[in-house]
Amino acid sequence: MQREVASAGGAPASDADPVPRRRFSGRVLLPAAALAVMLAAIFVLQPRAMSYNGMRLLLGFSLPLMFAAMAQMCVIAASDIDLGLGTYIGLVNSLSALLLADRPLLGVLSLVGCVLAYAGMGAFIEARRLPSIVVTLGASFVWLGLALLVLPTPGGASPAWLSALVRLKPPLVPLSIVVAVLLALVGHWLFMRSSYGVVLRGIGSTPQAVRRAGWSLLTARTVLYGLAGVFGLIAGLVLTGLNTTGDANFGAPYTLLSISAVIVGGGEFFGGIVAPVGAVIGAFIMLLTGSLLSFMDVSTDWQLSVQGAILILVLGTRAFRRRRA
Amino acid sequence: MSGATDSLVVLGGIAKQFGAVRALAGVDLTILPGEVLAVVGHNGAGKSTLMQVLIGTLAPDTGSIAVAGRDETAGYDVRRAHALGIRCVFQELSLCPNLRVFENVRILHHGLMGFGWPRRARRLVRAALDEIFPGHGIDADAVVGDLSIGQRQMVEIARAFTVTDQPVRLVILDEPTSSLGARAAEQLLRFTRRAAGRGISCIFISHRLREVLEHTDRVVVMRDGQVVARDRAADLTEALLVERMGVMADAAHAASTRANGAGADLPVRVDIQPTAGGTIRLIARAGEVVGLAGLDGHGQRDTLLQAFAAPRGGGPGARVDGSVAYVSGDRPREGVFPLWSIGRNVTIGLLRRLSRGGFLSPQAESATADEWRLRVKVRTPDMNNPILSLSGGNQQKVLIARAFACGADILLLDDPMRGVDVGTKQELFEDIRAEADAGKCVLLYTTETQELQHCDRVYVFYRGAITEEIARAALTEDRVLRASFGQTDDTGQHSGGRADAA
């Protein structure tokens, strides 16, 4: 009896498990394995996809999605959610198509304004302690309204340099894979390695602890939303380059796709638990479901339902595993 | 004692008011370098508020703060306190569970950045852990959420003693040993002594009086937002200390509210076998107030929920005879309807009785609301005022009135006095006692040992089972604390039960 008390160590639940599990590497391994399986299935069904040009076609539209996923992840890191990201990307798309080619200075200024507005939105949410879901939902209508104001009907043109940039053909590996690796590295460094990244993830779980350690929550949230604004900006620009035109409604699907990518990639809605590498992988998974379905001769009309089902499946399995743990 | 210039920290006339509650009424406190100082007092005596002022998270209304002989009153905040070497280990943990151990170290140290910071952070926290808790078995790369509560507390304590570009001069330990095991607690207490030898002061906030007397130099007793006594620990005994804290008076008063223990002839209302087993069942009779004690999260709430579910065909091992009402201390989350009036918050529990022909009768509603305003003395001119216009204590009165009003035979009170001021608490306990005398059966879960004095019997929980049943007359803080860590008196009334299990 006495010995049992002494060894209890005041740790009621998990004394039996002295070596803590490495939860985060598991977070990224699972989506990576899922992506590998999907790619393998695609290559089996359509061997021609396994070439430079095949991959280029297959992954062409992964570029805007992976940047959108990274933007969404910045917001989810603070346990917030961004429902306005898609229309924001649409706004950037419209502004860049309308202004960047003809009036570059005005174009650049307006885009810088977009990023500042995003950072300001983060500051506003923190200062007024508002729920992000409400503010970003409201903002989504503002972005859409502005986009329709500057570009009432689809049109405009992508500046030549932008179109050329997104059509680059680096040797051996297609552009989207090169960019994905770079983006994953940058995201990983930013959030998981840099010293301020620790603070940024900290506010997503225990903001009062971070505040007590003398950090400004206002600064942190502003930085996170500012980063989201920058990644969203890149997503919008890439979209312009790929489509060579602007449309206020082009961006809309990216809101839910980006959220799905973050969650499928191992992030969590709450608690500041994010995985930048996983978010990029998640973006590919969300993109490839469509291709995989069409290779299996399933109508693309099913694509959205399948993407939704994947999200529910991932969340459901995770909840199930947590209950068993 | 040394002059003011030798002191590390001098607080002068610190006062702080929260609305109508005076949390601190002009506190003077001096902390010497290399001193281990204990601050004791009841919950609500102002200890935590004073510490918050000291670490800069709360600005006092009046008063001065001087550190190392310099007046720091102006612009004193968390960062300044940290720069001056004042750290705090909080009672409710303040680590980020999603981050790794070394990343949490980084959160505390603003200067820990640039190339190779993870390596430096790991080295810092490993060294501190090894020194304070040899044999701790904690990996600096572990995610904090995967650690046990005791390990997290170790990490938090070790983190407070790490030094980068800023010195450590004073570490405030708020109930540090309550979630540490016996061995780790001993290691910590020995370490504070060594740290003091190096000139690092410690403030110890603890309810474990023996610990306080054995391991500190000086004891400051707080009561009602004031320092009422300062003594050298060597000059004190537990009894003296308890007297200074004013516990005795309360205990005598509470005991007198009930002359004898519960009559064995009254009907048993609740009979529960806690989920984790054990040999002691929880039995509560009509007319009794039964306490559920122990450290937070050791199965008390589960047992209450078991009792709540039983009349609806809940799990096995629970027999509950009568209707049940549940009152949570977590008011914002599972208590009040924040947008409703005070009256509506009372009457929600008995809508059927207030309706006439399928419609609510406003007259009956307001009559009931006014009746309960008088019965539990809700401090409001009008029960139609919004519930949020009340203080936390009065909101809790409303919630308890709701439970009373619905006429349940059994009241389950889940830490109901959380954040309730002392005066209101006393009134609420009188109300609860009155209901029990009228034949209700009350189960009260509380983590504050103080409140157990209002119970006829107390069951102490540890790891989901009951370790000890203590009758009102035999109740001491020390006994409850020991049972909370699974240690029971062999001379206790339940030694027979343990023999059966062996």
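Guide: Two strands are said to pair if DSSP finds at least two bridges between them. Strands (E, at least two residues) and helices (H or I, at least four) are DSSP runs, counted from the N terminus. The model is a predicted one, in which local features need a pLDDT of at least 70 and side-chain atom pairs count only at pLDDT 80 or more, whereas totals for chains, interfaces and linings use all residues. Residues are numbered from 1 along each chain as its sequence is written, chains are lettered from A and ligands numbered from 1 in the order in which they are written, and side-chain values use heavy atoms, with hydrogens and water left out.

Strand S13 (residues 289-293) of chain B is joined to S20(B) by 4 bridges, and the two run parallel. Within this pairing, B:Val290 stands opposite B:Arg457. Strand S21 (residues 465-471) of chain B pairs with S20(B) in the antiparallel sense over 6 bridges, and here B:Tyr462 faces B:Ala465. The hairpin of S20(B) and S21(B) has 2 residues between the strands, and B:Arg463 takes a positive phi near 50 degrees there.

Chain B also holds an open sheet of 6 strands, in the order S6-S7-S8-S3-S9-S10 and with mixed pairing. Its edge strands, S6 (86-89) and S10 (226-232), each pair on one side only. Neighbouring strands of this sheet are turned by 20 degrees against each other on average, direction ignored; for such angles, axes are lines fitted to C-alpha atoms (for helices over the stretch in contact), and values run from 0 to 180 degrees between N-to-C directions. Inside the sheet, S7 (residues 170-174) and S8 (residues 201-205) of chain B pair in the parallel sense over 5 bridges, with B:Val171 opposite B:Cys202.

Helix H1 (residues 47-54) of chain B is mostly covered as well, with 6 of its 8 residues buried. Among them are B:Leu50, B:Met51 and B:Val53. Just after H1(B), B:Gly56 takes a positive phi of about 85 degrees.

Aromatic side chains form a further theme. Over all chains there are 9 aromatic pairs; rings of Phe, Tyr and Trp (its six-membered ring) pair if their centres lie within 6.5 Å, and planes under 30 degrees apart count as stacked, over 60 as edge-to-face and the rest as tilted. The pair of B:Phe337 and B:Trp340 is stacked, because the ring centres are 4.5 Å apart and the planes stand at 20 degrees. B:Phe337 is partly exposed at 32% relative accessibility, and B:Trp340 is partly exposed at 35%. The rings of B:Trp372 and B:Phe404 are tilted, since their centres are 6.2 Å apart and their planes at 40 degrees. As B:Trp372 lies in helix H14 (residues 362-376) of chain B and B:Phe404 in helix H15 (residues 392-405) of chain B, this pair ties together parts that are 32 residues apart in sequence. Both B:Trp372 and B:Phe404 are buried. In chain A, one aromatic cluster is formed by Tyr88, Tyr118 and Trp143.

Two arginines lie over ring faces: A:Arg212 is 3.5 Å from the ring centre of B:Phe90, and B:Arg122 is 4.2 Å from that of B:Phe102. A charge sits over a ring if NZ of Lys or CZ of Arg is within 6 Å of the ring centre and within 35 degrees of the ring normal.

Confidence remains to be stated. Chain B averages a pLDDT of 83, with 88% of the residues at 70 or above; pLDDT is the predictor's confidence in each residue, from 0 to 100. Over residues 248-262 of chain B the pLDDT is below 50, and this stretch has 16 contacts beyond near neighbours in sequence, a contact being heavy atoms within 4.5 Å. For the complex, the predictor gives an ipTM of 0.87 and a pTM of 0.75.

How values were computed:
Buried means under 20% relative accessible area, exposed over 50%, partly exposed in between (1.4 Å probe, protein chains only).
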